[in-house]
Amino acid sequence: MKHKYLDEIKKLEGSPKIVKLFSNKEIKDILDLYNSLPITVHNKKQNIIKKRWLQNYNKSLDTMYISKLKKVLGEFKMDNLKSEKGEDFFGLFHESFSPLKLHVDSGFEERDIMFKQVVTPLSSIGETVIFKNRWYGKSTSFTIDKNELKFTPEPGQNYRSCEHLGTEEFDEEIYRKYLTHIDINNLRGLKVELVYKWKVGETLIMDRSHIHSSSSNIVNKKLGLTTFTKKKMEI
Ligand SMILES: [Fe+2]
């Protein structure tokens with residue numbers, strides 16, 4: 001699939017931004033929430049623990065989070081799946097012990113107007129590599145592995161593709177510094193827009209169409225909160 005309302009999506013795009021949204025106390029409250037939430041996924045192969053921000057564990061924190069996001073994003077809708085009760089999750093906590101590879105979180109609904117993803121580091125060692133290259137299909141993990149390309153995703157799982165590839169070789173110096181967990185041939189044609197070094201107290205806001213990955217530099221583990229958003233259809 002390809003997103004249908006490309007003009008509307010592109011009108012909302014811009015450079016990645018780093019903002020200070022949360023006080024130390026608010027970050028601590030978010031961490032306390034993380035610790036009290038149930039685990040939704042423990043993927044031993046990817047070495048990752050995921051938890052969803054469920055509403056009503058801490059109502060004042062829920063309200064604070066939405067109002068801070070509105071300050072920087074304006075009007076938006078959550079796009080992080082919903083609970084059985086139909087309530088939006090407010091984000092996804094990722095605790096990873098090995099770096100995520102090349103992917104895009106562009107969503108699964110072709111009629112949706114994907115908007116920003118908001119990444120709040122909750123541990124201080126980590127980096128996110130954002131590429132200039134963009135993707136307007138479904139959420140996808142990019143690979144050149146023939147077997148992996150045969151993967152058929154369940155609903156909500158990333159597609160696999162190698163259609164991101166260009167012809168130009170990837171910059172070797174950047175590769176050695178940040179991306180050794182990825183096959184360099186899987187980075188052909190990609191150019192780095194920004195390497196964001198995680199800092200607790202900051203928040204990264206970027207378009208959901210950006211192809212991105214973790215850097216290879218993880219010490220022990222990385223914990224972050226990501227919220228995916230979309231815009232309400234006005235057409
Ligand atoms: Fe991502």
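Me: A polar contact is a pair of N or O atoms within 3.5 Å; within protein, one must be able to donate a hydrogen and the other to accept it. In this predicted model, which side chain makes a polar contact with the side chain of glutamate 202?

Reply: Glutamate 202 sits in the loop between strand 11 (192-197) and strand 12 (203-207). Leaving aside residues up to four places away in sequence, glutamate 202 touches several others, including Ile18, Thr120 and Lys197. The polar contact, at 2.7 Å, is with the side chain of tyrosine 196.

Me: Is glutamate 202 buried or exposed?

Reply: A residue counts as buried under 20% relative accessible area. Glutamate 202 has 16%, so the word for it is buried.

Me: Let's turn to the metal. Which residues coordinate the iron ion?

Reply: In sequence, the donor residues follow the spacing H-x1-D-x106-H. Aspartate 105 belongs to the loop between strand 6 (103-104) and strand 7 (113-121), while histidine 212 belongs to strand 13 (residues 210-214), so this pair ties together parts 107 residues apart in sequence. At 2.1 to 2.2 Å, the iron ion is coordinated by His103 (NE2), Asp105 (OD) and His212 (NE2).

Me: What is the relative accessibility of histidine 212?

Reply: Aspartate 105 counts as buried at 14% relative accessibility. Histidine 212 counts as buried too, and its value is 5%.

Me: Which residue follows helix 3 and has a positive phi?

Reply: Helix 3 has 15 residues and reaches 21 Å from its first C-alpha to its last. After the helix comes a residue with phi near 75°, and that residue is glycine 74.

Me: Finally, the strands. What is the bridge partner of isoleucine 48 in strand 5?

Reply: Strand 3 (residues 48-52) runs antiparallel to strand 2 (residues 41-43), with 3 bridges joining them; here isoleucine 48 is the bridge partner of asparagine 43. Strand 3 also runs antiparallel to strand 5 (residues 92-96), joined by 5 bridges. In strand 5, the bridge partner of isoleucine 48 is serine 96.

How values were computed:
Residues are numbered from 1 along each chain as its sequence is written. This is a predicted model: local features need pLDDT of at least 70, side-chain atom pairs count only at pLDDT 80 or more; totals for chains, interfaces and linings use all residues. Side-chain values use heavy atoms; hydrogens and water are left out. Donors are N, O and S atoms within 2.8 Å of the metal (3.2 Å for Na, K and Ca); water is not among the atoms, so sites may look incomplete. Helices (H or I, at least four residues) and strands (E, at least two) are DSSP runs, numbered from the N terminus. Buried means under 20% relative accessible area, exposed over 50%, partly exposed in between (1.4 Å probe, protein chains only). Two strands pair if DSSP finds at least two bridges between them. Contact means heavy atoms within 4.5 Å. The expected span of a helix is 1.5 Å times one less than its number of residues.
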